[in-house]
Number of protein chains: 2
Amino acid sequence: MTAKRLTAKGEATRRRIVVAAAQLMYERGVTEVTLDDVRAAAGVSGSQIYHYFADKQALLMAVIDHQTQAVMDLQAGHLDRLDTMAGLRAWRDALVEHQRRLQCRGGCPIGSIGSDVAEHNPQARLAVASGYLRWEAAIRSGLTAMHRRGHLAGDPDDLALALLTALQGGLLMTQIHRNVRPLEVALDAMLEHVAALSR
Amino acid sequence: MTAKRLTAKGEATRRRIVVAAAQLMYERGVTEVTLDDVRAAAGVSGSQIYHYFADKQALLMAVIDHQTQAVMDLQAGHLDRLDTMAGLRAWRDALVEHQRRLQCRGGCPIGSIGSDVAEHNPQARLAVASGYLRWEAAIRSGLTAMHRRGHLAGDPDDLALALLTALQGGLLMTQIHRNVRPLEVALDAMLEHVAALSR
DNA sequence: CCAAAAATGGGTTGTCCAGTCCAAAATCGG
DNA sequence: CCGATTTTGGACTGGACAACCCATTTTTGG
């Protein structure tokens with residue numbers, strides 16, 4: 001993929017481009033960002049982007065990877081504690097609080113890209129799907145532990161997917177309505193469902 | 001809004017343009033559709049679109065209205081029967097079956113537009129939000145009836161929003177993964193939650 | 001210290017597309 | 001049936017943007 005050898009400086013420049021592109025695409029949506037916007041925001045000049053990326057598609061793929069990692073990093077402290085109701089509720093609170101801080105703008109960094117590209121960019125769609133699978137696996141890991149311990153009836157695989165799905169819906173509705181209530185209500189309903197299955 | 005007087009023929013042409021635009025935007029995403037694509041698909045020529053719409057934004061607003069109505073029409077048979085668990089389950093089955101028929105393409109006609117425009121088109125975002133409110137009201141109406149009858153504990157307003165939100169997440173995840181399982185699992189979890197609160 | 005490789009700057013190009021214009025044809029209202 | 005209004009056709013424009021190119025500077029490795 002990256003046949004080119006990169007020096008430390010080159011690596012840093014490449015990274016600045018990806019971070020700037022990710023931020024802009026998150027704020028404005030993939031299609032509303034031009035390579036010139038990215039160029040300006042990253043503080044690089046002219047041909048720099050094409051020196052590090054074959055085309056806009058290659059940059060987009062790097063952005064998806066970067067956002068997936070960013071999402072995992074942001075929740076790292078919570079994702080490995082999803083094996084108790086208390087841990088699940090703390091995660092829920094953190095997600096809601098985060099959206100509140102962002103004034104309900106942007107939605108999910110992965111999902112908003114996914115929705116933008118789903119119907120005309122199969123490669124990007126698959127990258128987004130794979131990002132979701134990582135996220136889902138992290139949630140499943142907590143619920144599976146709960147289940148093994150005998151603290152959870154019901155299929156932890158289904159519950160993990162249902163939780164992530166409700167979260168995605170909550171982020172979308174919250175973004176559209178500019179109000180955290182859909183996210184709160186959807187997560188609370190799903191957590192009550194989990195609680196009803198736990199002992 | 002539409003100050004212009006339209007003859008029957010003009011009305012028909014206007015409608016062909018909106019329908020064609022809605023279909024294309026659903027298949028490819030709002031930003032991937034050019035006015036020339038719409039022109040060709042609607043079988044109209046040159047200045048026609050600008051004769052009936054001030055600009056692309058005005059056409060988009062008409063498309064959002066049209067899609068909201070189409071979503072409501074498509075579910076009309078189910079939405080007024082959401083006052084029993086059987087009715088809710090029939091609705092769930094119809095939604096899943098519909099996605100299966102579409103091979104999980106396109107997602108939600110309203111939500112996919114919403115996600116595309118949320119961060120850079122406040123007017124369109126508000127129109128989408130208002131479409132969601134209509135949809136939510138229809139669901140709420142069923143659950144409220146159930147509640148009044150004493151067949152449902154828990155807040156019907158919250159449950160309606162949670163259901164619609166889970167549905168939106170399910171449609172998004174199903175679109176990205178090209179698989180109906182997320183939609184099934186999310187709706188089933190939410191319906192089990194409702195069932196647990198009903199008697 | 002020196003060649004080779006990598007990084008940078010900025011100009012250029014070809015295409016696509018939203019929006020405009022004007023004139024011709026069809027339709028309507030009286 | 002006739003003047004007014006609406007509908008249609010198609011050409012044109014101006015700007016934006018992805019992608020390309022080449023010359024210059026900086027960095028690397030031996």
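Ala, Val, Leu, Ile, Met, Phe, Trp, Tyr, Cys and Pro count here as nonpolar, Asp, Glu, Lys and Arg as charged, and the others, Gly among them, as polar. Sorted that way, the surface near DNA strand D has 5 nonpolar, 12 polar and 7 charged residues. The model behind these counts is a predicted one.

A look at one chain makes a handy starting point. Chain A has 9 helices and 0 strands, so its pattern, read along the sequence, is simply α-α-α-α-α-α-α-α-α. Its C-alpha atoms fill a box of roughly 60 × 35 × 30 Å along the principal axes. Of the 199 residues in chain A, 47% are buried. Among contacts in this chain between residues at least 6 apart in sequence, 64% link residues at least 24 apart.

One helix of chain A shows what being covered looks like. Helix H6 of chain A, residues 109-117, has 9 of its 9 residues buried. The run starts with Pro109(A) and Ile110(A) and goes on to Asp116(A) and Val117(A), with Ser112(A) and Ile113(A) also among the buried residues. What do the buried residues of H6(A) pack against? Within chain A, the partners are H1, helix H4 (56-79), helix H7 (122-148) and helix H8 (156-177). From chain B, H6 and H8 join in.

As for how the copies touch, the contact takes 43 residues from chain B and 43 residues from chain A. On the chain B side, the elements giving two or more residues are H1, helix H6 (109-117), helix H7 (122-148), helix H8 (156-177) and helix H9 (181-197). H8(B) provides the largest share of that side, 15 residues. By class, the side of chain B that touches chain A comes to 18 nonpolar, 16 polar and 9 charged residues. Because 100% of the interface residues of chain B are also interface residues in chain A, the copies meet through the same surface.

Then there is the nonpolar core. The largest one holds 122 residues, and Ala21(A) and Ala21(B) touch the most other members. Leaving out residues up to four places away in sequence, Ala21(B) touches Val33(B), Val38(B), Leu59(B) and Val63(B).

DNA strand D is surrounded by 24 residues, the closest being Ser47(A), Gly10(B), Ser45(B), Gly46(B) and Ser47(B). Two or more residues each come from helix H1 (8-28) and helix H2 (35-42) of chain A, and from helix H1 (8-28) and helix H3 (48-52) of chain B. H1(B) gives the largest share of this surface, 3 residues.

Around DNA strand C there are likewise 24 residues, with Gly10(A), Ser45(A), Gly46(A), Ser47(A) and Ser47(B) the closest. Here H1 and helix H3 (48-52) of chain A, along with H1 and helix H2 (35-42) of chain B, each supply at least two residues. H1(A) gives the most to the surface near DNA strand C, with 3 residues. That surface divides into 5 nonpolar, 12 polar and 7 charged residues.

Technical notes: Residues numbered from 1 in each chain as written. Chains lettered and ligands numbered in written order. Predicted model: local features only at pLDDT ≥ 70, side-chain atom pairs only at ≥ 80, totals over all residues. Core = buried A, V, L, I, M, F, W, Y, C linked by C-beta atoms within 7 Å. Buried ≥ 20, exposed ≤ 12 C-beta atoms within 10 Å, placed from the backbone. Contact = placed C-beta atoms within 7 Å. Near = placed C-beta within 6 Å. Helix = DSSP H or I, 4+ residues; strand = E, 2+ residues; numbered from the N terminus.
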